[in-house]
Structures are given as structure tokens and as C-alpha cells.
Amino acid sequence: MSERLIELRSRLQRIRREAGDPSTREISRKAHGAVSHTTAHHVLRCQTVPSWGSLEPVVAALGGDIAEFKKLWIAARDFADAGGASIVQGAGPRYNYRDSTAPYVAARLNLVAIHHARGEHEKCLERLFAWTGSPDPDATMLGELCSLHLYDEYRARVRDRYSYEVRKDVALKAQIEDVDTINSCVHWARFCEEMGRLDRALRWAARARSINPHSLRAMRIQADIMLTAGRYDEAADLFLKAHEMDEVFSVAWIVSLTEALKVAGRLNELVKVCQKNYERAATTGGNPIFHLTHYISALRVSGKLSEAKNVSVSLKSHIHDGEAPGYCRIEYAELMEDLGEIEEAKWALKDRSGTDEDEDVEAAYVNLIYRVEGAEAAEPLLAEWAERY
């Protein structure tokens with residue numbers, strides 16, 4: 001888990017605590033149904049970067065600062081989009097002399113990648129500053145500079161040289177068609193999204209795709225910004241197209257895809273996608289428990305409770321063997337509660353030892369007791385919990 005994602009998760013946990021540790025169902029109600037309680041749970045766990053469309057209503061329901069969390073989210077998403085700790089991807093050059101990327105731009109950026117791989121960071125920065133220019137920076141080179149992992153190591157120096165106002169001016173006024181790397185277009189798309197200029201963000205994202213229409217990264221990021229902009233059907237279509245091209249989606253993109261289908265009301269497609277992902281994961285050794293849980297959630301959202309119950313037999317065996325993370329146990333318990341099988345729901349949440357989500361599972365158990373047995377039964381559990389935490 002990256003430092004940015006850890007920071008985002010830590011802040012979410014803090015504002016939830018400050019709000020009195022409301023349950024995910026309470027958060028869903030306070031968000032006026034903008035997110036389901038299951039989605040709220042995944043957002044709060046923050047194992048991967050959630051979509052902004054999921055995170056924003058959770059933050060609002062918890063009384064958090066939307067602007068603060070938008071910056072944290074952008075930082076975490078940018079890091080995930082860039083692929084993590086290195087600007088060098090694979091054995092070959094990162095930038096090719098093809099598509100709309102000018103040869104001289106590709107040459108410069110591949111040279112930077114070589115210096116970075118050697119640990120020659122000062123040389124990287126010196127060359128990038130020279131090529132980016134000042135006071136009127138080149139939009140392509142500045143976008144690359146801001147999006148490289150190198151930026152972390154020299155964050156203060158880059159920001160001193162290219163202030164927020166300078167970057168804002170570039171993001172909003174640069175000739176989009178003149179920027180010719182996907183990386184730069186993605187950076188400016190995210191930057192405009194952070195400012196709330198979704199019209200401009202979508203134009204930058206469209207430019208990234210025009211550079212290479214087959215780029216899965218550009219496709220997914222355009223879909224993600226569409227999701228933020230409330231263009232749910234278009235986002236779902238684009239996510240599905242990317243998914244068809246490469247079914248080995250990261251967990252973060254799976255969450256965004258399923259969220260787009262869910263909010264667009266395309267529940268039959270949601271079920272089919274989740275079922276296919278689960279079946280593939282079960283045969284290829286992926287993450288079957290994660291996909292099984294998403295499949296059950298999709299069936300529940302679609303009102304197919306009897307089917308969800310049949311599928312949940314496999315999840316129950318994982319819970320019984322102690323293999324299921326807390327979020328899986330919570331999903332199973334909520335299904336059992338929906339089916340009126342309260343004792344089964346209690347069983348899934350009672351044995352909370354040995355998981356990384358003890359607090360989440362315990363909160364779910366206490367809230368279940370509160371709902372089905374009343375305040376008197378929940379009081380001693382709440383009192384014991386309050387002392388311990």
C-alpha cells in the first residue's frame with residue numbers, strides 16, 4: 001500500500017471516529033443513498049484507491065472537508081495511475097516514436113528514464129527544468145515532470161519553480177492538441193478534476209485517448225472522470241470496453257467498473273461482470289474471495305437474494321476456515337440479515353480474531369445486535385468497546 005493511500009485511509013478513519021464511528025448503513029443513509037453501505041465499507045477500508053464518486057458522499061456524510069479529501073484522493077490516484085515506485089516500465093523504452101508523440105519528446109523522456117534508473121536524480125531534474133522552461137513552461141514536459149515518481153523526491157523544488165497558479169494556468173489555457181504524451185494529458189486531466197473543472201478534465205482525458213485509442217490506462221481514466229462528472233452510462237460503457245480488452249483488471253478498476261454499472265442502474269450487466277470475474281479468478285488463482293464477495297453484493301443489489309444465498313455457501317466455507325477478510329464476513333452477515341437468518345449473521349461476525357479489520361467487524365456485530373435486539377442488548381457491548389478503543 002502506497003504512502004498516499006495510507007494517508008487517505010488514515011484521514012478517513014479519523015473523520016469516522018470524530019463522527020462517532022457510525023455504521024456503514026448509517027453512512028449510506030446520511031449520504032441519502034448516494035452510496036450503498038457495502039460501497040461505504042469498501043471506501044473506508046481503502047485497500048485500493050476508491051472512485052471519487054464513491055469517496056465524496058462518504059466524506060460528506062462523515063462531515064469531512066471535501067477539498068482536503070479531493071487533494072488526498074488525487075495524490076493517491078495519480079500514484080496508482082503511474083504504476084507505483086518507478087518511472088521505468090518493462091525492459092524497453094517507456095516512450096515510443098509512434099502515435100502523436102514527437103520523436104524529440106520521446107528521446108528526452110527516455111533519457112530521463114535512463115538517468116532515473118541509474119539514480120542520477122539531480123541530472124534528471126536539471127534536464128527536466130531545462131526542457132520544461134520558465135516562466136512559460138512547455139505543457140507536455142511540465143505534465144511529465146509533475147507526474148513522474150521523481151516529483152516526490154523533489155516536490156518542494158518543483159512547486160517552488162512552478163507554483164500552483166502557474167500549473168493552473170497551463171492546465172486551463174494550454175492548447176490541448178499540442179500536448180503529445182498520455183502521461184501529461186492524464187496529469188492535466190486529474191489536475192483539472194481536482195479544481196472541479198470537469199469539462200476541461202474530460203477534454204484532457206479525451207486527448208490522452210486520441211494519442212493512443214488502445215491505451216487501457218487512458219481509457220480507464222477517461223471513464224473514471226466521466227463517473228465523477230455523473231456521466232454514468234458513458235463511464236460504464238468505457239469501463240466495459242477496457243474490461244473486454246484486458247480482463248485482468250486491478251482491484252481499484254474493478255471497484256470503479258462495478259460502481260459505474262450500479263449507479264447507472266445496469267444491474268444485470270453488473271451481475272454478469274461480477275460472476276465472470278469470480279469464475280475466472282477461481283480458475284486462474286487470482287483473488288477469488290474478493291470477486292466472490294463482489295458477486296454476492298451484485299446479486300443482493302439486484303434483488304436476487306435466493307441466488308446470492310446459493311453462491312454464499314462458498315463464502316461461508318472461507319469464513320469457517322478463517323480465510324475471509326473482514327469485509328467478506330460483513331457482506332455475508334448482511335446477506336443473512338436480509339434473508340432473516342439472524343443467528344447466521346451473528347455467527348459470521350462473532351469470531352473476530354485473526355483479521356485485519358477487527359474494528360470494522362466488531363462495529364458490524366454491535367450494530368446488528370442494536371438493530372435486531374435493541375439498545376439494552378447492545379449497551380454492554382458498546383460500553384466494552386468504548387473502553388477498549
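A salt bridge is taken here as a side-chain nitrogen of Lys or Arg within 4 Å of a carboxyl oxygen of Asp or Glu. With that criterion, a search of the whole structure, which is a predicted model, returns 21 salt bridges.

One of these joins Glu 122 to Arg 157, with the closest N and O atoms 3.0 Å apart. Glu 122 belongs to helix H7 and Arg 157 to helix H10 (residues 155-161), so this contact ties together parts that are 35 residues apart in sequence. Both ends are partly exposed: Glu 122 has a relative accessibility of 44%, and Arg 157 has a relative accessible area of 38%.

A salt bridge also forms between the side chains of Arg 266 and Asp 233, at 3.1 Å from N to O. Arg 266 lies in the loop between helix H16 (251-263) and helix H17 (267-284), while Asp 233 lies in helix H15 (residues 232-245), so the pair ties together parts 33 residues apart in sequence. Here the two partners fall into separate burial classes, since the 14% relative accessible area of Arg 266 makes it buried, whereas Asp 233, at 43%, is partly exposed. The pair belongs to a network of salt bridges that links Asp 233, Asp 237, Arg 266 and Glu 269.

Glu 341 and Lys 309 provide a further example, their side chains meeting at 2.6 Å, N to O. This pair links distant parts of the chain, with Glu 341 in the loop between helix H20 (326-338) and helix H21 (342-350) and Lys 309 in helix H19 (residues 305-320), 32 residues apart. Glu 341 is partly exposed at 27% relative accessible area, and Lys 309 is likewise partly exposed at 35%.

Just after H7, Gly 133 adopts a positive phi of about 85 degrees. Elsewhere, Lys 316 lies over the face of Trp 347, at 5.5 Å from the ring centre.

Turning to the aromatic rings, one cluster is formed by Tyr 164, Trp 188, Phe 191 and Trp 204. Trp 188 and Phe 191 are three residues apart in helix H12 (residues 182-195), which means that about one helical turn separates them. Trp 188 is buried, with a relative accessible area of 0%, and Phe 191 is buried at 5%. Trp 188 also forms a tilted pair with Trp 204, at 6.4 Å centre to centre and 35 degrees between the planes. This second pair links distant parts of the chain, from helix H12 to Trp 204 in helix H13 (residues 198-211), 16 residues apart.

The largest nonpolar core holds 91 residues, of which Leu 145, Val 158, Trp 188, Trp 204, Leu 315 and Leu 349 touch the most other members. Helix H14 (residues 216-228) gives the largest share of this core, eight residues. A second, separate core of 23 residues includes Ala 31, Val 35, Val 58 and Val 59. Beyond its neighbours within four places in sequence, Trp 204 is in contact with several residues, among them Val 170, Ile 176, Cys 185 and Trp 188.

Methods: Residues are numbered from 1 along each chain as its sequence is written. This is a predicted model: local features need pLDDT of at least 70, side-chain atom pairs count only at pLDDT 80 or more; totals for chains, interfaces and linings use all residues. Side-chain values use heavy atoms; hydrogens and water are left out. Helices (H or I, at least four residues) and strands (E, at least two) are DSSP runs, numbered from the N terminus. Buried means under 20% relative accessible area, exposed over 50%, partly exposed in between (1.4 Å probe, protein chains only). Rings of Phe, Tyr and Trp (its six-membered ring) pair if their centres lie within 6.5 Å; planes under 30 degrees apart count as stacked, over 60 as edge-to-face and the rest as tilted. A charge sits over a ring if NZ of Lys or CZ of Arg is within 6 Å of the ring centre and within 35 degrees of the ring normal. A nonpolar core is a set of buried Ala, Val, Leu, Ile, Met, Phe, Trp, Tyr and Cys residues joined through side-chain atoms within 4.5 Å. Contact means heavy atoms within 4.5 Å.
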